[in-house]
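Have a look at the model first, then read on.

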2 protein chains.
Amino acid sequence: MFDTLIKGGHLLTMSGDGVGFVEQGAIAIDRGVIIAVGPKDDIVNRDTARRVMDIQGGIVMPGLVDAHLHSSATMGRGWAQEVYPWMASSYGPLMTHAIEEDAPIWTMLALMEGVANGTTCFGDYEFPMGELVKQHVAIGSRAVLCEGVTELNWANREQWLAEGWKPGDPIPLDRAFGDESFASELKLFDAWDGHDDGRIKIIFGPHAADFISKELLLKVQEEARKRGAALHLHVAQDERENRATEQRYGLRAIPYLDSIGLLAPDLIAVHLSTALPDEVDLVADRGARMISCTNSIGIIDGVVPPARQFIERGGVVGLGSDQSAGNNSHNIFSEMRATAMFAKIQAGSPIALPAWQVLRAATIGGACALGMGDRIGTLEAGKQADLIVLDANRPPLAPLLLRPARNIVPNLVYAETGSNVVLSMVAGRVIYEQGEFTLIDRKAIMQDVATATARFTDRVAADRSVDALPIVELSRTGRH
Amino acid sequence: MFDTLIKGGHLLTMSGDGVGFVEQGAIAIDRGVIIAVGPKDDIVNRDTARRVMDIQGGIVMPGLVDAHLHSSATMGRGWAQEVYPWMASSYGPLMTHAIEEDAPIWTMLALMEGVANGTTCFGDYEFPMGELVKQHVAIGSRAVLCEGVTELNWANREQWLAEGWKPGDPIPLDRAFGDESFASELKLFDAWDGHDDGRIKIIFGPHAADFISKELLLKVQEEARKRGAALHLHVAQDERENRATEQRYGLRAIPYLDSIGLLAPDLIAVHLSTALPDEVDLVADRGARMISCTNSIGIIDGVVPPARQFIERGGVVGLGSDQSAGNNSHNIFSEMRATAMFAKIQAGSPIALPAWQVLRAATIGGACALGMGDRIGTLEAGKQADLIVLDANRPPLAPLLLRPARNIVPNLVYAETGSNVVLSMVAGRVIYEQGEFTLIDRKAIMQDVATATARFTDRVAADRSVDALPIVELSRTGRH
């Protein structure tokens with residue numbers, strides 16, 4: 001007897017090299033694992049099931065993977081727009097008032113948004129991750145987590161300035177601070193890696209080529225390899241990074257990383273916003289994986305990450321929602337649409353980066369990028385039962401056309417907003433159904449959000465120095 | 001006594017030259033018209049109300065204006081992707097099997113999608129409009145409708161081919177067909193203009209510079225001016241159009257239209273996709289208004305319509321969802337996000353086309369573009385009570401930050417998907433509330449959609465000639 005049988009809908013299994021469509025399919029699940037997938041008639045006669053889900057008119061597909069986000073930034077959602085540069089002119093100064101004890105509330109808000117919109121696996125990158133792991137545990141989604149290992153210590157800023165440092169200059173590194181953050185990441189790994197039958201996985205998060213010394217970076221790599229964990233690294237996000245590595249090592253960020261052996265299959269390279277075409281190819285050729293945070297980089301920098309080039313070079317690409325101060329949402333449907341469309345308008349062609357490739361990036365691509373391709377990302381026997389069900393009887397999925405051409409994939413990528421996600425399951429457990437979370441108390445959390453919002457904004461607003469920021473000016477002049 | 005008092009939320013009135021934010025505002029409505037708007041304390045003591053809506057934590061703003069759409073194309077939603085050119089290689093041949101009697105069902109599906117996502121006014125452009133008007137009447141939204149006046153008669157295609165015509169060549173015009181369509185538009189005007197206290201307004205829809213002769217175009221203009229109705233015209237959508245006007249009149253489309261006096265304040269110029277920078281300025285300088293169908297043109301052509309340039313030149317811009325075969329949704333929140341972000345990545349700057357300007361385009365901009373700026377588009381005393389309420393206690397609108405900088409406008413434009421729209425009102429009447437339509441039977445309509453889908457796809461699939469289309473190939477090879 002199976003635990004669960006899902007039938008009555010169509011499947012996008014994402015197995016093989018396309019989208020793995022199965023008309024009128026079914027999925028049998030037992031002890032959190034997919035036992036069988038295929039046409040309904042092949043599956044339903046195999047055995048009985050304790051729970052039968054009849055999802056007439058629905059679509060079943062692997063849960064979406066948000067392969068790179070900073071979950072606690074929901075605290076300042078929308079506070080990094082219409083300004084340049086975003087970090088220095090809005091988000092940075094405002095966030096100095098963040099209240100660390102409230103970070104779990106903000107992380108939970110991000111996870112709720114993601115889950116409600118079809119994400120079942122989060123590649124969360126935080127400083128510090130500590131208490132935030134418990135939010136991932138609580139909501140029931142899958143997580144591949146890391147804590148930033150960094151020698152960038154903002155507390156030293158006054159000292160840098162006294163020594164002649166100017167914004168845009170390479171940041172003076174703080175070795176002791178780096179060692180501490182590394183120790184903290186190791187502690188995180190020891191405490192949580194493998195939790196709940198592997199639902200929580202810990203990897204390593206060296207910050208960026210210019211924010212960590214070569215010595216510490218190599219030490220992190222060595223330790224990560226010993227533990228079989230990947231490296232989650234911001235790569236070529238900013239020209240500042242290239243300037244810093246050129247000054248220190250005589251090489252732009254990507255050639256520098258290559259020179260010390262960092263570009264390898266265990267590297268998750270996030271952004272590549274400022275990578276030159278040859279550098280993008282180099283990262284792909286070395287077998288490293290790319291995360292495209294398309295909306296975030298588009299809004300805060302006006303730049304299109306090179307997802308299309310990376311895929312065409314044969315590389316693995318996942319999608320990430322990054323941070324909601326500047327995205328401003330944790331919604332992988334929005335990332336899919338932006339990724340496909342930005343590629344089209346950049347190429348001046350409606351053919352560039354078709355929907356099916358982007359749908360792969362949001363599922364099996366993200367899974368492989370996070371080193372989870374053997375466990376999730378497709379609906380196949382032996383994989384974890386991490387999946388979502390969409391109601392295709394509502395716009396923008398209706399009408400669902402099957403003949404002579406199917407319209408499900410383009411409508412998922414170019415039109416679906418996440419609002420038709422009616423069920424999410426992780427390792428066979430339903431974590432979201434018909435607008436409600438099954439493991440957490442949404443109302444209580446939103447009450448906490450309200451309290452934390454008041455506490456935080458009172459504190460920021462009391463700092464008169466922020467009044468001069470462009471983001472504040474937009475409100476004062478009636479534009480926000 | 002007022003009919004309705006809305007209180008307990010914040011307002012974006014969109015009046016003035018910004019977004020007209022009112023913290024803790026209220027709106028009094030009587031007989032479909034806004035009587036008073038302002039801070040809650042100023043409004044609630046004026047008079048009592050028959051119905052008080054307490055929308056604690058909500059945001060009230062003008063209903064969104066979808067200033068250009070072809071509503072009945074939901075029939076082929078998602079059937080115009082990843083192909084080039086979309087009309088010839090997918091949509092056109094498939095749509096030859098469309099069943100005209102089912103068009104009202106498809107239009108209703110588009111309107112339901114729009115209303116559920118905050119649209120209260122539709123600039124619908126159809127061939128023929130006839131029975132479709134009744135759908136606009138039934139669902140309760142506001143409509144500015146036209147029927148295409150065109151001398152393009154696809155029924156003559158075999159004859160063109162026999163005479164040596166090739167795809168991309170100027171289309172031979174059919175004068176008698178044009179006169180018929182003009183007569184039909186006049187009939188539409190006489191039957192429906194001003195219906196339901198002006199909720200339904202009829203304007204004139206000459207098709208495009210190359211699909212209608214100069215003589216008929218000028219006749220339509222003359223008649224429209226006599227009746228005080230605007231002209232809704234596709235302008236510079238395609239290079240084919242420029243080639244045709246150059247061949248016939250020695251001028252590209254926009255200079256040709258200018259030479260015969262068409263570029264004037266009563267012109268609604270849709271698309272401008274192939275307009276040169278000087279031509280964009282010329283259209284704006286003549287006082288004509290522009291509609292940007294950003295997602296549609298991005299997906300089907302890989303082109304960014306010049307909304308930013310038009311606004312910077314001082315022109316009025318509205319947003320349109322165009323047609324869902326190639327968009328693939330009727331969701332003005334999606335159009336806002338795309339319009340703001342495409343401008344940014346095109347400019348390589350996060351400052352280009354800020355959120356507040358795009359929010360204006362989706363409200364008062366669209367209203368002015370459709371010639372309705374005196375009746376709708378802002379929340380001001382004397383205007384029609386066309387408004388929406390959003391629940392700001394859910395992502396991506398939560399947390400709602402008010403101090404020191406507000407985040408409502410960027411979150412509406414860059415993150416909101418429409419799923420937080422909890423109420424829509426047109427002329428003081430609630431047409432949508434908490435996921436349900438108040439005037440139509442959603443379930444019965446979705447049953448009709450299912451029946452019409454089966455009827456239509458059976459018919460298309462029976463035509464073996466479509467098997468060779470690229471869009472069909474995508475399904476056959478497992479990509480769709």
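Two residues count as in contact if their C-beta atoms, placed from the backbone, lie within 7 Å. Helices (H or I, at least four residues) and strands (E, at least two) are DSSP runs, numbered from the N terminus. This is a predicted model, where local features need pLDDT of at least 70 and side-chain atom pairs count only at pLDDT 80 or more, while totals for chains, interfaces and linings use all residues. Residues are numbered from 1 along each chain as its sequence is written, with chains lettered from A and ligands numbered from 1 in the order in which they are written.

On to helix H8 of chain B. A residue is buried if 20 or more other C-beta atoms lie within 10 Å of its own, exposed if 12 or fewer, and partly exposed in between.

| Side of H8(B) | Residues |
|---|---|
| Buried | B:Leu216, B:Leu217, B:Val220, B:Gln221, B:Ala224 |
| Exposed, facing away from the buried side | B:Glu215, B:Glu222, B:Lys226 |

The buried residues of H8(B) pack against strand E8 (142-149), helix H6 (175-192), strand E10 (205-206) and strand E11 (231-235) of chain B. Just after H8(B), B:Gly228 has a positive phi of about 70°.

Now for chain A as a whole: it has 18 helices and 18 strands. Its C-alpha atoms fill a box of roughly 75 × 50 × 50 Å along the principal axes. Of its 480 residues, 62% count as buried. Among contacts in chain A with a separation of 6 or more, 72% come from residues 24 or more positions apart.
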